[in-house]
Amino acid sequence: MKHLAAYLLLGLGGNTSPSAEDVKEVLESVGIDADEDRLEQLIKELDGKDLQTLISEGSSKLASVPSGGSGGGGAAPAAGGAAAAPEEAKEEEKKEEEKEESDEDMGFGLFD
């Protein structure tokens with residue numbers, strides 16, 4: 001992934017056909033060693049291809065992939081139940097505040 005990110009950065013910078021050495025330079029500039037095998041494979045697979053075309057094709061493929069979270073979930077609470085939820089949240093906040101205050105009453109702090 002780091003090799004691809006460096007390749008894309010070079011593409012954004014105007015280098016339309018980055019070489020393996022270009023990618024190595026970018027990675028080394030931030031203290032990352034390049035994996036020669038993966039880098040050569042990446043360069044071979046992307047050689048002669050337009051980055052913008054690859055990105056748009058990939059985006060269209062990702063759009064068709066289900067991303068989960070499509071479960072029906074629970075039914076919406078009744079109006080009376082919705083009003084009670086904020087009150088419960090306020091009560092929980094008060095309890096949390098009380099707990100925090102009780103820690104301060106011990107006479108010492110974490111960084112004293």
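Reply: Start with confidence, since this is a predicted model. Helix α2, residues 20-29, has the highest confidence in the chain, with a mean pLDDT of 94. Confidence is lowest in helix α5, residues 79-104, where the mean is 58. The chain as a whole averages a pLDDT of 78. Of its residues, 61% score at least 70.

Now the packing. Helix α1 covers residues 2-12 and packs against α2. Their axes lie 9 Å apart, at an angle of about 105°. Angles of 65 to 115 degrees count as roughly perpendicular, so α1 and α2 are roughly perpendicular to each other. On the α1 side, the contact uses Lys2, His3, Ala6, Tyr7 and Leu10. Asp22, Val23, Val26 and Leu27 meet them from α2. By class, six residues of this contact are nonpolar, one is polar and two are charged.

Next, the pocket. The largest pocket has a volume of about 160 Å³. Helix α1 and helix α4, residues 51-63, each supply at least two residues of its lining. Leu8, Gly11, Leu12, Asn15 and Thr16 line this pocket. Lys49, Asp50, Leu51, Gln52 and Ile55 also belong to the lining. Four of the lining residues are nonpolar, four are polar and two are charged.

Note on methods:
Residues numbered from 1 in each chain as written. Predicted model: local features only at pLDDT ≥ 70, side-chain atom pairs only at ≥ 80, totals over all residues. Heavy atoms only, no water. pLDDT = per-residue confidence, 0-100. Helix = DSSP H or I, 4+ residues; strand = E, 2+ residues; numbered from the N terminus. Axes fitted to C-alpha atoms, helices over the stretch in contact; angles between N-to-C directions. Parallel < 35°, antiparallel > 145°, perpendicular 65-115°, else oblique. Contact = heavy atoms within 4.5 Å. Nonpolar A, V, L, I, M, F, W, Y, C, P; charged D, E, K, R; others polar. 1 Å grid on protein atoms, 1.4 Å probe; cavity = no way out; pocket = protein on both sides within 12 Å on 5 of 7 lines; lining within 4 Å. Points joined across faces, edges and corners; volume = space filled by probe spheres on them.
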